[in-house]
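Have a look at the sequence and the fold before reading on.

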Amino acid sequence: MTNEPILLVEDKPELREMLTHALSRMDFQPVAVASLEDALQKLKSQRFAAVLTDLKLPSGSGMDVLSAARNEDPNLPVIIMTAYGTIAQAVTAMRDGAFDFIQKPVDLNHLNHLLTRAIERQQLLRENLVLREEY
């Protein structure tokens with residue numbers, strides 16, 4: 001797949017730990033942070049294969065993470081999770097460039113499938129960009 005890590009942004013310690021374990025078991029390399037500020041710092045200092053973020057964060061929103069991720073790399077797939085999502089929020093997230101919007105509790109098989117698809121898509125976009133630059 002990829003050797004680049006997955007950025008996990010989740011403020012609830014128990015869920016962050018559970019998702020970190022689950023992602024590791026799926027052969028992803030999670031880098032877990034608890035806040036918007038930490039996520040923004042990580043996005044500036046490190047390259048990621050994908051971002052998995054909670055919608056509601058103590059000092060901001062998953063939409064802020066999405067915006068920062070898109071600024072760093074327009075092709076970086078961002079999956080937003082929420083326990084209290086509305087159709088309007090999902091539509092807004094997708095319109096703003098999210099790869100997907102999923103409900104908590106997270107179905108781990110579905111998450112694995114989504115991340116795999118998101119990373120494959122990003123790799124194809126990067127390869128396409130390299131090929132375009134060569135011609």
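What follows is a short tour of this predicted model.

## The sheet

Let's start with the overall layout: five strands form an open sheet in the order S2-S1-S3-S6-S7, and the pairing is parallel. The edge places go to S2 and S7 (100–103), each of which has a single partner strand, so one side of each is left without a neighbour in the sheet. From one strand to the next, the twist averages 20°.

Now for the individual pairings. S1 (residues 6–9) runs parallel to S2 (residues 30–33), with four bridges between the two, and Ile6 has Pro30 of S2 as its bridge partner. S1 also pairs in the parallel sense with S3 (residues 50–54), again over four bridges, and here Leu7 sits opposite Val51. Moving along, S3 and S6 (residues 78–82) are parallel too, joined by four bridges; Asp54 has Met81 of S6 as its bridge partner.

## Helices around the sheet

Elsewhere, helix H4 (residues 87–95) lies across S6 and S7, and H4 runs at about 150° to S7.

Is Leu52 buried or exposed? It's buried, with a relative accessible area of 0%. Leaving out residues up to four places away in sequence, Leu52 touches Leu7, Leu8 and Val9, along with Leu23, Ile79, Met81 and Leu111. Take Met81: Leu52 and Met81 are 29 residues apart in sequence, yet their C-alpha atoms are 7.3 Å apart in space.

## Two nonpolar cores

The largest nonpolar core holds 22 residues, and the ones with the most contacts inside it are Leu7, Val9, Leu43, Val51, Val65 and Ile80. Two or more residues of this core come from each of S1, S2, helix H2 (36–45), helix H3 (62–72), S6 and H4. H3 gives the largest share, four residues.

What does Ile80 contact, beyond its neighbours within four places in sequence? Its contacts are Thr53, Leu55, Gly62, Met63, Leu66, Ala93, Ala98, Asp100, Phe101 and Ile102. There's also another core, lying apart from the largest one. That core has 21 residues, including Leu19, Met26, Phe28 and Leu114.

## Charged pairs

On to the salt bridges, of which the count comes to eight. A salt bridge joins the side chains of Arg47 and Glu4, at 3.0 Å from N to O. The two belong to distant parts of the chain, 43 residues apart: Arg47 is in the loop between H2 and S3, and Glu4 is in the segment before S1. Arg47 is partly exposed, with a relative accessible area of 48%, whereas Glu4 counts as buried at 16% relative accessibility.

Glu4 has a second salt bridge, this one with Arg126, where the closest N and O atoms are 2.9 Å apart. Here the partners are 122 residues apart, linking the segment before S1, where Glu4 lies, to helix H5 (residues 108–134), which holds Arg126. At 17% relative accessibility, Arg126 counts as buried as well. Glu4, Arg47 and Arg126 are linked with Asp73 in a network of salt bridges.

One more pair to look at is Glu72 and Lys44, a salt bridge whose closest N and O atoms are 3.4 Å apart. Glu72 lies in helix H3 and Lys44 in helix H2, so this pair ties together parts that are 28 residues apart in sequence. Glu72 is partly exposed, with a relative accessible area of 39%, while Lys44 counts as exposed at 65% relative accessibility.

Conventions:
Residues are numbered from 1 along each chain as its sequence is written. This is a predicted model: local features need pLDDT of at least 70, side-chain atom pairs count only at pLDDT 80 or more; totals for chains, interfaces and linings use all residues. Side-chain values use heavy atoms; hydrogens and water are left out. Two strands pair if DSSP finds at least two bridges between them. Axes are lines fitted to C-alpha atoms, for helices over the stretch in contact, and angles run from 0 to 180 degrees between N-to-C directions. Contact means heavy atoms within 4.5 Å. A nonpolar core is a set of buried Ala, Val, Leu, Ile, Met, Phe, Trp, Tyr and Cys residues joined through side-chain atoms within 4.5 Å. Buried means under 20% relative accessible area, exposed over 50%, partly exposed in between (1.4 Å probe, protein chains only). A salt bridge is a side-chain nitrogen of Lys or Arg within 4 Å of a carboxyl oxygen of Asp or Glu.
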